[in-house]
Amino acid sequence: MSENTPEQHDHLDPALVRGLTSPRYSRAQFLRSAGAGAAGLTLSGVLAACGVSGTAATGKKQSGTDWAAWWKKQKKQGVLDFANWPLYIDTSHGQHPSLNQFHKATGITVNYSEPIQDNQSFYAKISPTLQAGQSIGYDIIVITNGWQLTELIDNGWLIPLDHSQLPNFYKYAGPLFKNPNYDPGNKYTVAWQSGFTGIGYNPKLTGREITSVQDLWDPKFKGHVGMMSDNTELGSVGLLALGIDPATSKVSDWNKAAKILQKQRNQGIVRQYYDQSYIKALENGDVWITQAWSGDIFQANASGSPDLKFVVPKEGIMHWTDNMMIPMHASHPVDALAWMNFYYQPKIAAEVADWVNYITPVPDAKQILMKSDPSVGKSPLVFPTSQMKAAAHEYYVFQNYNEYNTWNGVFNPIIQS
Amino acid sequence: MRLAVPSAAGRRGRGAPYALALPGGAWLLLFFLIPILAALSVSLQTGNPVNGFQLTWHFGEYSTAISMYGTQFVRSFEYGAISTGAAFLIAYPMAYWIAFHGGRHKSTYLFLILLPFFVSFVIRTLAWQFILSDQGFVLTTLEKAHLIPAGTHVLSTPFAVIAGLTYNALPFMVLPLYVAIEKIDRRVVRAATDLFARPATAFLRVVLPLSAPGIFAGFLLVFVTNVGDYVNASILGGPGTTMIGNIIQNSYLNDLNYPMASALSSILMAGLLIVIFLYARTFGAATLQEYASA
């Protein structure tokens, strides 16, 4: 896709460029991960002629480590290998000012790269290496909360953070970002940016204001409702429509949600189950109302579609977080912590937020942006209102693969049949 | 005079042909046989990605795959067949015209056909998404001219997916057809007309049969690619147009259900092999041999 080419312009639509929580299909990408997988399957499946080894084995090995002692032994190295999503950091003339300031303040040189297009294929790419007990070559990776993150934690593939080196996180992180349900006590992760999944719509085409998740089921919008092909998003909105909190939902609730989603599909209300491309369909007018990510709508408003609106429906919105973490065997863990701590200064967080336009985990960045760039400082999509925060729901955290598999089995048929 | 009976191979030693076949053989072993065996082995394993998969000779995945995704299999073959037929109907006149009437600009025309390859496959498909969108210029113009009822949409329909498949396959159909038609001896066509065959008869009885190898190759190339495609369905399709490629991708990348993904791929491969075999038996082999012996 054309959006995959990172450009150097100052405010080039990052929303279009990164895939967020959904897979974005490009043939090369698919072949790459399929190739990596095939290689893995080949070796263990045929040459060893017995099976594909599981990921749990590595986790058990590492559970005995005394991390406090381990951290004491680590030293600053002056280098940081940082893997992030495309266009997800402040950029100016090919430089990243926040990283430059970090270099000036700490002397650490950052090798910044953007290899992460979506959680699934990136996880598929790094897991064989982590499983083999080798370094993936990055000290910080950014992963959305979800099954892949849970897996990274459960497999023991992340280094527990040394909180004594993260004073700024405790000082400045907003309450929404402390102690998340997918990583209690921020043991392994701190937020990079986050966002909401709510409803986006074009008031001209819907002809009325949208206030409820139920509006996605309105037969008047038949053939013009966009739903997400990411089954976590799809299932969660189904649960919200039933008034169930996804974070505490049960299998019986999932089945109920699947039923109403199937009905919505069978009645021809759903136009398509979209990946990131929903935003284009909304801009083109193919869909009038759709599940939407907050940052995308902000970007669309800023770049030629000022009419589009993002609403927090009365049933609530989903809150997702992209998290920084240190993968096991990272070569420069102390440098990684130094960056995490540095990033949580309001001044730095403000610089990144001003460019990226997602929700910053540092609420104090607002005062700075109110002065330097009020359009961003004032936006509830970057600094959510207390009403939005109150409406935010967390996703269900899968306890094991069987639960994940059950969820897939319940919601996949809606998207796939 | 005595003929030198020992063959060239004999003189160079018996191993020579095998040595010559070695690179090809090694290639097939490494990149074809091993992956296929691996896929078959994985499809018979049970377990989960956390605790690992063990080969248990569990054939159940196959029946689950067929009962769960039978519709998508049938749909993929259906879309594949329709798009191949459509591509043939469009490509044949193109190839025929270039071969017989292209003159000295033949290579230019072929270049024009290959030109779209300079743009990424995904981007070309995305461009169709833009062209065919509800508020796009095609549909709005047709609606204003009252040629189609208001509110018609093309995207998210089977038609859009099949059209996308046909479009993307077109060059793969034109090229083999062109090569076959180009090879036809014009004197044979002239002889047919000299023997009072009408142009249509000459075409049907002479040109068409002689271009059979091209038709055979084009059909195979396009059909096999299109049945397994997943990009068109995900970009141009909607609910009810999911193809088996999309399912395989999702089982592999999202669900991490490797046995299911492998079973689906194996079934797809087997299905394709059967179709190709029947096709070759019915049309291919005979005409190819006729062509070779002619």
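**Exercise 1.** What is the area buried between chain A and chain B, and what percentage of it do carbon and sulfur atoms give?

Solution. The model is predicted: local features need pLDDT of at least 70, side-chain atom pairs count only at pLDDT 80 or more, and totals for chains, interfaces and linings use all residues. Residues are numbered from 1 along each chain as its sequence is written, chains are lettered from A in the order in which they are written, and side-chain values use heavy atoms, without hydrogens and water.

Step 1. Buried area is the accessible area (1.4 Å probe) that two parts lose on being put together, summed over both.

Step 2. For chain A and chain B this comes to about 4100 Å², and carbon and sulfur atoms give 55% of that.

Step 3. In contacts (heavy atoms within 4.5 Å), 49 residues of chain A meet 47 residues of chain B.

**Exercise 2.** Find the salt bridge between chain A and chain B.

Solution. Step 1. The criterion is a side-chain nitrogen of Lys or Arg within 4 Å of a carboxyl oxygen of Asp or Glu.

Step 2. One salt bridge is counted between the two chains; B:Asp134 and A:Arg271 form a salt bridge through their side chains, at 2.9 Å from N to O.

**Exercise 3.** Compare the radius of gyration of chain B with that of a compact globule of 294 residues.

Solution. Step 1. The radius is taken over C-alpha atoms, and the globule rule is 2.2 Å times the number of residues to the power 0.38.

Step 2. The rule puts the globule near 19 Å, whereas chain B has 24 Å.

Step 3. Along the principal axes, the C-alpha atoms of chain B fill a box of roughly 75 × 70 × 35 Å.
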